[in-house]
Amino acid sequence: MSSDTYSSVGNNAVQAARETAQAARDTARSVSADVRDGVERVGHAVGTNGRDAKARLEVAVQDNPLLAIGIAAAAGYLFGMLRSR
C-alpha cells in the first residue's frame with residue numbers, strides 16, 4: 001500500500017471516530033434530558049401525594065381526635081421501650 005492509501009484509511013478512521021463520538025454525545029444528551037424530565041415528573045407526583053396524604057391525615061385526626069391521641073401515645077410508648085434497650 002502506498003502512503004496515500006494509508007493516509008486515506010487513517011483519515012476515514014478518524015472521521016468515523018468523530019461521527020461515532022458525536023452520535024454518542026447526542027444520545028447522552030437525549031438520555032439526560034429524558035432522565036431529567038422523569039425526575040421532575042416523579043418529584044411533582046411525590047409532592048402532590050404528600051400534600052394529599054397530609055390532608056387525609058388532618059381530616060382523620062379531626063374526625064377521631066381521641067383515637068389519634070391513643071395512637072400517638074402507643075407509638076411514643078413503643079419508641080421509648082425500643083430506645084431503652
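**Helices, salt bridges and exposure**

Colleague: What makes helix 2 lie largely in the open?

Modeller: Of its 20 residues, zero are buried, so helix 2 lies largely in the open. Buried means under 20% relative accessible area, exposed means over 50%, and partly exposed is in between (1.4 Å probe, protein chains only). This is a predicted model, in which local features need pLDDT of at least 70 and side-chain atom pairs count only at pLDDT 80 or more, while totals for chains, interfaces and linings use all residues. Residues are numbered from 1 along each chain as its sequence is written, and side-chain values use heavy atoms, with hydrogens and water left out.

Colleague: How many helices and strands does the protein have?

Modeller: There are two helices and zero strands. Helix 1 covers residues 3–63.

Colleague: Why is the contact of Arg29 and Asp26 called a salt bridge?

Modeller: The rule asks for a side-chain nitrogen of Lys or Arg within 4 Å of a carboxyl oxygen of Asp or Glu. Arg29 and Asp26 have an N to O distance of 3.6 Å, so the pair meets the rule. Lys54 and Glu58, at 3.8 Å, form a salt bridge as well. The count comes to two.

Colleague: Are Arg29 and Lys54 buried or exposed?

Modeller: Arg29 has 53% relative accessibility and counts as exposed, and Lys54 at 52% is exposed too.

Colleague: What makes Val31, Val35 and Val39 a patch?

Modeller: A patch takes residues with over 30% relative accessible area and no salt bridge, joining like charges within 9 Å and nonpolar side chains (Val, Leu, Ile, Met, Phe, Trp, Tyr) within 5 Å. These three form a nonpolar patch on the surface, with about 260 Å² of accessible area together. Areas come from the Shrake-Rupley method with a 1.4 Å probe, and for residues only the protein chains shown count as cover. Val31, in helix 1, has 46% and is partly exposed.

Colleague: How do you know whether the protein is a compact globule?

Modeller: The radius of gyration is taken over C-alpha atoms, and the globule rule is 2.2 Å times the number of residues to the power 0.38. A compact globule of 85 residues would have a value near 12 Å, but the protein has 31 Å. The C-alpha atoms fill a box of roughly 95 × 35 × 10 Å along the principal axes, and buried residues make up 1% of the 85.

Methods:
Helix = DSSP H or I, 4+ residues; strand = E, 2+ residues; numbered from the N terminus.
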